[in-house]
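I'm keeping a running notebook on this one. Entries are in the order I looked things up.

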Amino acid sequence: MPRYVCSFLLAAVGSASIAQAQAPAMPVGFGPQPVLPAPETQLIPTVNVAPVQRWTAAQRPFVAAGLAIQAYARDLDHPRWLYVLPNGDVLVAETNAPPKPDDSKGIKGAIMQMQMKKAGAATPSANRITLLRGMDGNGVAQTRSVFLQGLHSPFGMALVGKELYVANADALLRFPYEEGQTAITAPGTKVMDLPGGPINHHWTKNVIASPDGKFLYVSVGSNSNVGENGMSAEDGRAAIWRFERATGKARVYATGLRNPNGMGWEPKTNTLWTAVNERDELGNDLVPDYMTSVKDGAFYGWPYSYFGQHVDARVKPPQPGLVARAVAPDYALGAHTASLGLAFYTGTLLPERYRDGVFIGQHGSWNRKPFSGYKVIFVPFANGVPSGPPQDVVSGFLDKDGHAQGRPVGVAIDKAGALLVADDVGNVIWRVAPAR
């Protein structure tokens, strides 16, 4: 072989090796093809809950280089979800679980109730939506008003024209809206029943409008971990529904999604994506939460399989036919991170490295040692799909002693292009913008 050819090949191999060495590694349990360990069978599941020790006025989370964080609003009552109106007003769902008398029965239910109290998640629901407007010289909302009250564990919100939709724990409601109003006193109209009932295990229901406003997509979580309450209790659950505004007709759009929460439209392709909180009690590193594009008619495995066609042997009777058509999600988000919030970034205020990617609010779970989640991450996108490993954007919600100063849930982009984070344990809305 001629010497110049050998030199060229050696140089090419060397360049490829350097590029590979410089490529950032994907953390365990993340990415499009995560390595999944064998499931662990545990008689007593791992229970690891961070006790609450809320932020002092001088404390705040850590942020990535080039960013700064400020409390946009404090002293809220379990602020869990966010929605930014076209005029820049920020709606905050101050909410918690409705009464669920059949979800706390038995020894396991009693233990979970005790752990929820320890985590600061057992407070009564305020059942209201609060409006935050403007920003003063200190970065704090100028005004705050009760926008809607008397709701039933509200969560998702979506505005289409002059119609504001709110997803309660058991129904989708429609309210009349006029731009600039600071309160709605008109009664809501129920347009769609949502699965509720005395268990209502995953009570948070989200809603998002299609880009053309013709449809609403409503997420409904499962009524159990892996169907232990019987599959009849899962009717209409672990799914995303599509509601047609003009006719009032609704149908299941995608199924097998254990607890889909955040939803967003990927800006390059206008494809619907969702963040899904996966199952527990299979070990510290199973099963990873994930985000995925949502295909009409697709089945994503729950409860019979996870991350495609990995069978969950706990579920009886098995359903090999369903497992055979289970779709693997697009991108794993780590086991037991409780990935709930999801917001694509289409603004220009934050550094360019965040353009067109997605922010994920990871609430943190109870079923892992050591802790995971308790942060907001960013996943870059290219050509409509994830293109790299996750990056920490907001962290430090756990102090050095393992206490939860806060827990991030909903994420949203405000009118200026800053990132908003709902902290339902710290009772704060954080605002992340470029450092000055």
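**Entry 1**

I started with an open sheet of four strands, in the order 3-30-29-28 and with antiparallel pairing. Its edge strands are strand 3 and strand 28, each pairing on one side only. From one strand to the next the twist averages 25°; axes are lines fitted to C-alpha atoms, for helices over the stretch in contact, and angles run from 0 to 180 degrees between N-to-C directions.

Ground rules, before I go on. This is a predicted model, where local features need pLDDT of at least 70 and side-chain atom pairs count only at pLDDT 80 or more, while totals for chains, interfaces and linings use all residues. Residues are numbered from 1 along each chain as its sequence is written, and side-chain values use heavy atoms, with hydrogens and water left out.

Strands here are DSSP runs (E, at least two residues; helices are H or I, at least four), numbered from the N terminus. Two of them pair if DSSP finds at least two bridges between them. I then checked strand 3 against strand 30: six bridges, antiparallel. A68 sits opposite A433 of strand 30.

**Entry 2: strand 5**

Is strand 5 buried or exposed? Five of the five residues in 90-94 are buried, so the strand is largely enclosed by the rest of the structure. My cut-offs: buried is under 20% relative accessible area, exposed over 50%, partly exposed in between (1.4 Å probe, protein chains only). V90, V92 and E94 point one way, L91 and A93 the other, and all are buried. In a regular strand, side chains alternate between the two faces of the sheet.

For neighbours, I found strand 4 (residues 79-84) antiparallel to strand 5 over five bridges, with V84 opposite V90. The two form a hairpin with five residues between them, and G88 in the turn has a positive phi of about 100°. Strand 6 (residues 128-133) also pairs antiparallel with strand 5 over five bridges, and there A93 faces I129.

**Entry 3: strand 23**

I looked at strand 23 (residues 358-362) next, and five of its five residues are buried. V358, I360 and Q362 point one way, and F359 and G361 the other. Strand 22 (residues 339-344) pairs with strand 23 in the antiparallel sense over five bridges; A343 has F359 as its bridge partner. Strand 24 (residues 375-379) is likewise antiparallel to strand 23, joined by five bridges, with K375 opposite Q362.

**Entry 4: cores**

Which residues have the most contacts inside the largest nonpolar core? They are Y354, F359, V393, V394, L419 and W430, in a core of 25 residues. (A core is a set of buried Ala, Val, Leu, Ile, Met, Phe, Trp, Tyr and Cys residues joined through side-chain atoms within 4.5 Å.) Elements giving two or more residues to this core include strands 3, 24 and 30. Apart from it lies another core, of 22 residues, among them M263 and W265.

**Entry 5: rings**

I searched the whole structure and got 15 aromatic pairs. Rings of Phe, Tyr and Trp (its six-membered ring) pair if their centres lie within 6.5 Å; planes under 30 degrees apart are stacked, over 60 edge-to-face, the rest tilted. F344 and F381 have ring centres 5.3 Å apart and planes at 85°, so this pair is edge-to-face. F344 is in strand 22 and F381 in strand 25 (residues 381-382), so the pair ties together parts 37 residues apart in sequence. Ring pairs also link Y345, Y354, F359 and F378 into a cluster.
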